Amino acid sequence: MHLMMILIALAVAWWLRSSWNKPQGNWNMRWQRSLFLFLFPPLLIFMTAIAVLFMGPQGQMGGMYTGSVSYLLALIYLAFFAILCMKLAFQGLQSVESARNCPLVNLGNKRARLLQTGALFAGQIGFWQPELVVSQGLVQTLSPAHLESVLAHEQGHHHYRDTFWFFWLGWVRSCTTWLPNTEPLWEELLALRELRADGYAALQVDPLVLAESLLLVVSSSPVLSEICCAALGSSGADRLKQRVEALLAPPEATPEAQLQSWHGFMLAFLPLVTVMFHS
């Protein structure tokens, strides 16, 4: 019976991920749909594995006997999740430590870590309380107006705690690379993250100046890993046209997450209900 639960969860997860196609609509619709299809399938599998683990390798469920095979599969899968989480956390801590070794500089009313490289880079590095890191090349190349627009964009990442939330989303990505459309959904979420930070910055600086800064920074090669890092050009050159067009268009509202948008995720916890029917 437990094995049947696992197979059903896998089938539902595969079907949902396969249903993804190129998103349409405004930022909010794209974000909710992409986040649901990215996060719900692995959450369903994860909850199913926890339910099987709680029920144990012996007993009955629905008049059918359970075996140890499904229990071992759930245990291995959860251990795999845990190991990947520890690996990514270690890599993230290495990035944070590397950033903290850089000297502090004042950029107007903001303090930032100065990265000794000629590449153009600006990003938030850390978890819940990230630090702003800028490269020497960026400070020397950009005009004060362009630099201000870049800092406003990075303040947007800090405001939405992008480094923290995308650390966990990156963990989910690593654990479910075998599911269909994992990479396209991940790229879509990265692009929407950057559009949201662009929109935040456009309320404070000239969107045209920000678009010019974006063109300069995205053309430069990335200098740091994406783990625990939210940088101006992290969505890649293939998203550049979309971001520039969004900056030049009338501003679009990017509302904070609302409670009702999370109701669909509650269905992923249904496997935990089956624990009551196990004896």
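Reply: What follows is a short tour of the model, one topic at a time.

Me: Before we start, what kind of model is this?

Reply: It is a predicted model, in which local features need pLDDT of at least 70 and side-chain atom pairs count only at pLDDT 80 or more, while totals for chains, interfaces and linings use all residues. Residues are numbered from 1 along each chain as its sequence is written, and side-chain values use heavy atoms, with hydrogens and water left out.

Me: OK, how many helices and strands are there?

Reply: The protein chain has 9 helices and 7 strands, where helices (H or I, at least four residues) and strands (E, at least two) are DSSP runs numbered from the N terminus.

Me: And how much of the chain is buried?

Reply: Of its 279 residues, 48% count as buried; buried means under 20% relative accessible area, exposed means over 50%, and partly exposed lies in between, using a 1.4 Å probe and protein chains only.

Me: Let's take a strand. Which strands does β5 pair with?

Reply: Strand β5 (residues 122–125) is joined to strand β6 (residues 131–135) by 4 bridges, and these two run antiparallel. β5 also pairs with strand β7 (residues 229–231) in the antiparallel sense, over 3 bridges; strands are said to pair if DSSP finds at least two bridges between them.

Me: What stands opposite I125 on each side?

Reply: In β6 the residue opposite I125 is E131, and in β7 the residue opposite I125 is C229.

Me: Are the faces of β5 covered or open?

Reply: Both faces are covered, with A122 and Q124 buried on one side and G123 and I125 buried on the other.

Me: Where else is phi positive, in residues that are not glycine?

Reply: R161 has a positive phi near 55° and lies in the loop between α5 and α6 (162–175), while N181 has a positive phi of about 65° and sits in the loop between α6 and α7. As background, most residues other than glycine have a negative phi.

Me: Switching to helices, how do α5 and α7 cross?

Reply: The axes of α5 (residues 144–159) and α7 (residues 182–202) come within 8 Å and cross at roughly 120°, where axes are lines fitted to C-alpha atoms, for helices over the stretch in contact, and angles run from 0 to 180 degrees between N-to-C directions. The two helices are therefore oblique to each other, given that angles under 35 degrees count as roughly parallel, over 145 as roughly antiparallel, 65 to 115 as roughly perpendicular and the rest as oblique.

Me: And how do α7 and α9 compare with those classes?

Reply: The axes of α7 and α9 (residues 240–248) come within 10 Å and cross at roughly 30°, so these helices are roughly parallel to each other. E194, L195, D198 and A202 in α7 meet Q242, R243, A246 and L247 in α9, with contact meaning heavy atoms within 4.5 Å.

Me: Last one: what is V205 in contact with?

Reply: Leaving aside its neighbours within four places in sequence, V205 is in contact with E148, S149, A152 and L210. V205 is found in the loop between α7 and α8 (207–218), and it counts as buried because its relative accessibility is 13%.
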